[in-house]
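Hello,

Here is the structure for you to look through. My notes on it follow below.

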Amino acid sequence: MNAAVAPFVESMRNAALASLPGSGIGWLDAARREAMHAFVSAGLPNSRNELWKYTALRALERRSYAAHDDAAATPAVDQGAFALPSITGPRLVFVNGAFRANLSALDGLPQGLSLRPLSRVLPENPEPLRFALLARQDREPRDAFAALNLALASDGVVLHVTEGAHIDEPVHIVHLGAAARHDIAWNTRNLVELGEGARLRLIEHHATAGEHAHLSNLVSDFVLRKGAELDLVLLQDAAFGGSLLRYSQLRMHEDARVALHALELGAALSRHELHVSLDGDRARAETNGAFALRGRQHADTELLIEHRGRDTASNSLWRGVADGRARGVFHGAITVHPGADGADAKLSNKNLLLSPDAEIDTRPALEIHADEVKAAHGATVGQLDERALFYLRSRGIGAEPARMLLVRAFCALALAGVQPPALREHCDALLLAHLPRGEEA
Amino acid sequence: MPSPASGEGERTHKGVRACAMPRGLLAGFSLNFGGQMMLKIDNLHVRVAGREILKGVSLEVNAGEVHAIMGPNGAGKSTLGNVLAGRAGYEVMQGSISYDGKNLLEMDPEARAAAGVFLAFQYPVEIPGVNNTYFLRAALNGQRKARGEPELDSREFLTLVREKLKVMQLSPELLNRAVNEGFSGGEKKRNEIFQMAVLEPRLAILDETDSGLDIDALKQVAEGVNALRAPQRAFVMITHYQRLLDYVIPDFVHVLADGRIVESGGAELAQELEAHGYAWVRDRKPVEAAA
Amino acid sequence: MATESRDLEALLNRRYSAGFVTDIETDSLPAGLNEDTVRAISLRKREPEWMTQWRLDAYRHWLTMTPPHWAKLNIAPIDFQAISYYAAPKQGPKSLAEVDPKLLETYEKLGVPLHERAKLAGVAVDAVFDSVSVGTTFRKELADAGVIFCSMSEAIREHPQLVKQYLGSVVPQRDNYFAALNSAVFSDGSFVFIPRGVRCPMELSTYFRINAGHTGQFERTLIIAEDGASVSYLEGCTAPMRDENQLHAAVVELVALERANIKYSTVQNWYPGDENGKGGIYNFVTKRGDCRGDDSRISWTQVETGSAITWKYPSCILRGDRSVGEFNSVALTHHRQQADTGTKMIHIGRDTRSKIVSKGISAGHGQNTYRGLVKVEKNAANARNHTQCDSLLIGKKCGAHTFPYMEVKNPSAIVEHEATTSKISDDQLFYCRSRGVGEEDAVSMIVDGFCKQVFRELPMEFAVEAKKLLEVSLEGAIG
């Protein structure tokens, strides 16, 4: 596209493909080379791309990152950096994009659960992953970051729950950024599959140890077979200086269910493109999320829900708060495809703008190609209800604490379904700590 | 006075014991009003979504009579009302319904309305943006036109509506709202009776019009019905509870259970049901079936 | 009833009653577009040199532009060289008395009598036939009130200062592809000027008619309401049934100064093409109002039932403090019609308010898209917006889409959007029918109820017309 290759693209192009796990496997090497070529020739998306309309990458384009650094991948990390209350089950930890066995907990996995890092599975037994790794690239139009991820993914989660297995203990996946000499970039690829009738609780947790400005680019595929149920918590508490780009896809077969809760708190630049495809009849998705931003943070959630099967249902509730010079972006698009009769789709997005320099851009969208459909969406941008604020103050609560109370209540609705309760309380506390002037509350 | 549908029943001091299916039931006592046979349901079998709900219902209604159809939830009461009004999705497998000697099942819903059949809906439908008065006038004139009667102009119509409003003790403000939109449960039900008063049907079917009403609203509805009782008009009241029948005294009470009429009698049957519950009729059903 | 949806389809088989052609001698330019075409149009209209240059500037810029990307529209590329850019009845009228009787007859057939005897009571009409205005009624009454209501050609000659000051001040020549094209080749349109403090004594109306084949219509309308002035303006449009697609690329500019109030209503019934999508008007229109003064108000109301493709976003720039913008829309697409319409509300001044009500009805293979932007700029303290978008689907093959954009940069703003999608429910139909209302009447009653909020905003006479238009669209009823 452009004659001069941007520094960002240049720094990625220089990554040593040969040092990636699984290097030497013919189909994988070919796919990686091809993907790198696609990435370099496409360049980064710009605002003419509707899905990137409000997230400009000009600043990112000018930056360069070190691609792989053994020293960066093995800093000493304290468990406290990612511990979550009452979460003591299976755990997989990645530090600066690399699997860390000593921080993980993979012994005595429950029956029916298979959980391994991609960096180990690929060299040992790549064939079963071939389809999963390459398939999405064929289904979706290529996005520069998806291509980059395919080219350079060096690790990630490979998780499988066998048919009918119910995994009750939440599985904790930690993506931790740790301070290093250089700003580094890593690509993570996660493959999660739930067999027929399987159940899983999963926490995708982005955390930080020390301040840094790394870039992490994740692509996650979730496949829920017939009747499978997934409870997914996405807790994003990454470093304030970091950049985090995520693309997640959930493919849901008949009668599959997902309950998703996302909390976006960290990162200077955070973008999550979340595709939920209700392919099978009666598949249902409940997606909820909240972001709280301050400083110069920029967070963009692109939620794309597609109803394809009959009698599918989706219900989405998202809340956003922006303070300081922050910018919050939400796009919630519901598509009901021809033949998806009986679809029931609801989406609500509400936002609070707390500062004269903050900005909220929201786009709920409906695209309906069937007539036996119930679809509704609503979005608002506003500020705290002055009457409620006055009411609290007249009962003796100070102005700032009252404000905090209301902001917190505003977001809490989106997190009300987080399980277990101790995790919900933890999310609530994190949220409170991130709110502007939250410490006074 | 027309004789009962058949002579197979046996009269008791308490009412009329139902007879063997499918020839129907005994339609009751000889009262000093009444008239011609209006509705005749014969051995009606109806399927909804592939499931048989009515399994051989027979019923005869003469002009001037008030019939109450009672029964436990899921007995098929509302199905009967909907079939009479011609709602889609109700598949008649067997049997017939004649109304004034014509085959009712062949008529479109609007043709039935024009012929004087009125269903007060259990759940009246909201139609956003469509003014109540406008709707009612379109309905009345649609019916009049179909009957070859002159349509009412807006002045005549308004006069009629005001008069009926007074009888129903409804607020005129209701007229300017959209059909049923934002109405309370009680308002919706009263609006149904008000429509009935304006449209003056010959056969009115009231589907659980009493449910969800407080006592004052119930009385108002009952008064509305009583005011419309007339020798040329018949009522079929579908209800779960007996309390509406304290205010609108029926000539006949039928008990519908599991898709069949299992018991018929006079007004006192309702009290008996109230005292003993539906288990009482359910218990005796096998006996009847055997008979 | 399994037949219900089929009946509904049949019910929608509309008849287009304005599809006749008037047999009249036409003076038209040959097809094709170059600088000479632009000069020829300007010359035919006896325009001053500055206007010719203005057009040429626009044309030269247009050459550098690329056609817009059609997000949700399915459209074949347009051959701009195959279109004739000017067509006018040969017998040019000087006054209404001299108008060719065939023309008068045409407008009479359309329900817009222009004779002094039969004029619409209380409504002044400017009739535009192909590329030129053929007559304006009530001229004297308007002149007495100080109102200028004339064709754009006349305004350029008679009121050059006003035209120079305001033309292109809301929609610049280079605004977008079709606005640039219009600026180069616009033929006629209406000009309205309401001086300070004047309430226009009657409704103003322009009736646009495309008659000639292979022509495009590029009208330009400019309405200026000075301080404290107010006006209500309505446009109606029809075209004959032709197998070809004809291009209509209009530009409408509204300027509201302090406390001024402009109400602009459109009943658009261009030929929509047949049920297979053959023929019909491409309706690509740029309409924008500038609430330039404090406390000004601009309200757009549109009923869009015609055209093969409609692409328009009547917008308001709320510059003045406390200014108010409104957009009320009913858009019906049937057969292969496509509509991509909506609005932009740009809040710049303090305490500005906007309200959007959009009702889309899709039937047959029709595709109906609402696309809207509500933007609250940094200094637009206390801005308020409420948007409501409802879609009604009739049949399985149509589509209804809602794409609102909300960009908010002021923390005291409140912006609210809600949207629903539904179909005419079997319950509603059955309820009406069980009360004796026939199916056809029931459908039009329900659709009318669905549109009520918008019809309320139309001037009385036109609300009736709009309702009838929808009824015609829903006519043909049950098989």
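**A buried alanine in chain A**

Ala292(A) is buried, because 30 other C-beta atoms lie within 10 Å and 20 or more count as buried. Please keep in mind that this is a predicted model. Ala292(A) sits in strand S13 (residues 284-293) of chain A. Leaving out residues up to four places away in sequence, Ala292(A) touches Leu265(A), Val321(A), Cys411(A), Leu431(A), His434(A) and Leu435(A). Ala326(A) is 34 residues from Ala292(A) along the chain, and their C-alpha atoms are separated by 9.3 Å.

**Where chain A meets chain C**

The contact takes 28 residues from chain A and 28 residues from chain C. On the side of chain A, strand S18 (359-368) and strand S19 (373-382) are the elements that give two or more residues. S18(A) gives the most, with 10 residues. By class, this side of chain A has 15 nonpolar, eight polar and five charged residues.

Strands also pair between the two chains. S19(A) runs antiparallel to strand S23 (residues 414-423) of chain C, over seven bridges. Val381(A) stands opposite Val415(C) in S23(C).

**A helix pair in chain C**

Helix H3 (residues 49-63) and helix H8 (residues 177-185) of chain C pack at an angle of about 145 degrees. Their axes are 7 Å apart. The crossing of H3(C) and H8(C) is left-handed. H3(C) contributes Arg55(C), Ala58(C), Tyr59(C), His61(C) and Trp62(C) to the contact. H8(C) contributes Ala180(C), Leu181(C), Ser183(C) and Ala184(C). Sorted by class, that contact has six nonpolar, two polar and one charged residues.

**A helix in chain B**

Which residues of H3(B) are buried? They are Asn132(B), Phe135(B), Leu136(B), Arg137(B), Ala138(B), Ala139(B), Leu140(B), Gly142(B) and Gln143(B). What do the buried residues of H3(B) pack against? Within chain B, they pack against helix H2 (109-114), strand S7 (127-131), helix H4 (154-168), strand S8 (178-179) and helix H5 (185-199). They also pack against helix H10 (439-455) of chain C. Just after H3(B), Gly148(B) takes a positive phi of about 75 degrees.

Best wishes

Conventions: Residues numbered from 1 in each chain as written. Chains lettered and ligands numbered in written order. Predicted model: local features only at pLDDT ≥ 70, side-chain atom pairs only at ≥ 80, totals over all residues. Contact = placed C-beta atoms within 7 Å. Helix = DSSP H or I, 4+ residues; strand = E, 2+ residues; numbered from the N terminus. Nonpolar A, V, L, I, M, F, W, Y, C, P; charged D, E, K, R; others polar. Pairing = 2+ DSSP bridges. Axes fitted to C-alpha atoms, helices over the stretch in contact; angles between N-to-C directions. Left-handed = near helix turned anticlockwise from the far one by under 90°. Buried ≥ 20, exposed ≤ 12 C-beta atoms within 10 Å, placed from the backbone.
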